[in-house]
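This report covers strand pairing and model confidence. Please have the sequence and the 3D view open while reading.

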Amino acid sequence: MGAAQCGVVVLAVLLGATVVLAAKPGPNNIRYPDEIVYPKVKCVKEGVFPHPRNCSWYYRCVDRMNIGYYWTYYFECEPGTVFSDELDQCIHPFLAKAPCGVKPTTTPPPPTTPPYLQCHGVEGTCKTYNVCQPVKATRYFCDKIRCPLRTPELSCAEGYSFDMDNKVCGKPPAAYTLCGATTKLNISEEGELPCSADNLRPASEFISRLYCDKYLLCDGNVFKGRKELCRNYYECQPDGSGWRAFLRSCPIGLLYSYELDKCEPAPTEAEQCNA
């Protein structure tokens, strides 16, 4: 095969290279919904962008060879959320701007009779929850409430409590969604991974030993400090009532920094200490 023919083959592979990561298969795409993959979204620069046909999806464009051709990575938001281009994350629809944002469903105002307005939680049955997932919020639930002119005390069905903010019966937030709640995941026979709502990319000695390198930085003969960069890192995602950990890596040419929580180039030889 001549050089020109090889160039055509390589170019065709680059133009058609699309990597997709998550969701149910379609009849024409064996791994993902056809309406997400076809027609293909257009990449004109590197970055993360909202999917033009579905607010619950977003995609990332990566020029892995720095020649102007892009790999496309697809991602789906958690159920009930949409991707916000301004915040660069998945959020509830009522927090998003148009066209994906929607106003929260309004309900008729509650009765203004004194018995309704004066209902309150029974002391000793109420609890405040500091939630971090999917968004930070403070929730207040009571197992029992007491209302004037009503006896005895009222309670919800088994497994439910009164949501005092929304005035409905609902399930209290799951433990894994709470701020500071940490779940230890066994990622191998050698180490554990502390996943929590406010620690989605956790660092550990186990990860550092397997995937990370430490660099000594100097400016001439002046020592400037140490930097640790990792070839791989773990990302925690909610999975039902618990967590799953996925091994991730940065685009080619970049390494992950736990200190900055982003991918960046490795220090050059000129930036590293000679000794």
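## Strand pairing and confidence

Pro50 has Tyr58, in strand 3, as its bridge partner. Strands here are DSSP runs (E, at least two residues), numbered from the N terminus. The model is predicted: local features need pLDDT of at least 70, side-chain atom pairs count only at pLDDT 80 or more, and totals for chains, interfaces and linings use all residues. Residues are numbered from 1 along each chain as its sequence is written, and side-chain values use heavy atoms, with hydrogens and water left out.

Strand 2 (residues 47-50) and strand 3 (residues 57-62) run antiparallel and are joined by four bridges; two strands count as paired if DSSP finds at least two bridges between them. A hairpin of six residues connects strand 2 to strand 3.

An open sheet is formed by three strands in the order 7-10-11, with antiparallel pairing. Its edge strands, strand 7 (120-121) and strand 11 (154-155), each pair on one side only. Two bridges link strand 7 to strand 10 (residues 144-146) in the antiparallel sense, and Gly121 stands opposite Ile145 in strand 10.

Confidence is given as pLDDT, the predictor's value for each residue from 0 to 100. The protein has a mean pLDDT of 79, and 79% of its residues reach 70 or more. Mean confidence is lowest in strand 1 (residues 19-20), at 42, and highest in strand 20 (residues 255-257), at 94.

| Stretch | pLDDT | Contacts beyond four places in sequence |
|---|---|---|
| residues 3-23 | under 50 | 37 contacts |
| residues 113-117 | under 50 | eight contacts |

Where pLDDT is low, the predicted coordinates should not be read in detail.

Notes. Contact = heavy atoms within 4.5 Å.
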